[in-house]
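Hi,

Here is the structure I said I would pass on. Have a look first, and my notes follow below.

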Amino acid sequence: MTTPPFLGGQDGGPVADAAARRGAPAGTLMGRPTAGGRFGEFGGRYVPESLVPACVELAAAFDEAWADPTFRSHLDSLLASYAGRPTPVTECHRLSEQLGVRVLMKREDLAHTGSHKINNVLGQALLAARMGKGRLVAETGAGQHGVASATAAALLGLDCVVFMGEVDVERQALNVFRMRLLGAEVRPVSSGSRTLKDAVNEALRDWVATVETTHYCIGSVMGPHPYPYMVRELQRVVGDEARGQCRALLEGRDPDVVVACIGGGSNAAGTFAGFVDTDAALVGVEAAGGAALGDGAPGVVHGMRSMFLQDEAGQILEAHSISAGLDYPGIGPEHAHLAATGRATYHAVEDAEVLDAFRLLAATEGIIPALEPAHAVAWLVRAARTGGVAPGSTVLITMSGRGDKDVAQVMEMLS
Ligand SMILES: *Cc1c(COP(=O)(O)O)cnc(C)c1O
């Protein structure tokens, strides 16, 4: 396996770097990154020279749009009338009784297209249109981000090209069909291991060649600045809503623990952003076979400095998980920083625990989770049983998506 390209380049350009070296404030946790896109020692903008102007333009366009009440109200109205926001917080009475902790669940599984991904793609598609770019490119592994991107593109009348490794195209035939139904072009990628990281490289290559007309819609809090920051801001609606909803349920208090699963880290980042300034313990849950924070080391891949699974020579390793959405070998840079500061902790769960949690949630609450958030449930079950969470505490868990896409796979694994 070879290390993906885009390892060279600059970290936000010489000006930003000089500012960072002078000790420009890094900002509060989950505030703005430095001008070069740094969260502590992580993040940055490691792209070829030809992409620096596109990243700079995007950062400026996002800042301007995010500060513009017209853009914000347009996005808010799409989130409400199209995506179904606000999503509710459900009190899980029967699960709470079993675990001896009070479990509240933020229901992103009820959003249009079945997960939190719609929040990000609606924001980026609206931004692309505002920038006068009529074409989206996206990468996808399991196909979920491809379907979400194709959905937003259809809604706003944008062209959409989704890069997908050949192996994934075969494994995820249903999502390929969905994307095509939605009017997107799916381009199979035959380089490298023909999976997600190769699709990322092809999408970056396309963007280099078409940057005048194209926006690259990244699916998580990853990639060069401004993506990790921008995607976290687009997902913070999850945490902001949940904070208000928790306070209404808890007589003005915040939960003791806030937990979310981590693929690249966007649903967790959006959730944590709403609670980072409270006393809540923030917990991210990775798949044991893709624990970039547990088992990884610092590196520079896909435009950012972060933590990655790699061998001794620095070659990026393939991640393994029963959940295709969690098998990226890295993690968003802001999570690497939150871990380094100790503000959030990160844990890994095994596939068998995830399957147990999947069944437990279905049987106790009538909610069939996606396999990704079943990881968060699995951690909670373990922590409640082993004292990792104190009895009687209140725990908010983000249900990042619904399980419809995974039931056939689980049925096969259980038979
Ligand atoms: C894509 C996906 C994830 C992983 O992505 P993050 O960026 O870590 O949130 C988690 N849950 C669901 C349901 C997903 O579709």
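**What I found**

Strands β13 (residues 297-301) and β14 (residues 304-308) pair in the antiparallel sense over five bridges (two strands pair if DSSP finds at least two bridges between them; helices, H or I, of at least four residues and strands, E, of at least two are DSSP runs, numbered from the N terminus). Before you read on: this is a predicted model, where local features need pLDDT of at least 70, side-chain atom pairs count only at pLDDT 80 or more, and totals for chains, interfaces and linings use all residues. Residues are numbered from 1 along each chain as its sequence is written, and side-chain values use heavy atoms, with hydrogens and water left out.

Back to that pair of strands. They make a hairpin with two residues between them, and His302 in the turn has a positive phi of about 50°. Met307 in β14 is the bridge partner of Pro298. Four of the five residues of β14 are buried, so the strand is largely enclosed by the rest of the structure (buried means under 20% relative accessible area, exposed over 50%, partly exposed in between, with a 1.4 Å probe and protein chains only).

Next, helix α5 (residues 117-130). Eleven of its 14 residues are buried, so α5 too is largely enclosed by the rest of the structure. Those buried residues pack against α2 (52-66), α3 (69-81), β7 (135-140), α6 (144-156), β10 (214-216) and α10 (227-249) (contact means heavy atoms within 4.5 Å). After α5 comes Gly132, with a positive phi near 75°.

Most residues other than glycine have a negative phi, and most peptide bonds are trans. Here are the exceptions I noted:

- Arg85 and Pro86 are joined by a cis peptide bond, with omega about -5°; Pro86 lies in the loop between α3 and β5 (89-91).
- His225 to Pro226 is also a cis peptide bond, with omega near 15°, and Pro226 sits in the loop between β10 and α10.
- Met30, not a glycine, has a positive phi of about 60°. Met30 is in the loop between α1 (13-21) and β2 (38-39) and counts as buried because its relative accessibility is 6%.
- Glu251 has a positive phi near 50°. Glu251 belongs to the loop between α10 and β11 (257-261) and, at 77% relative accessibility, counts as exposed.

Cheers
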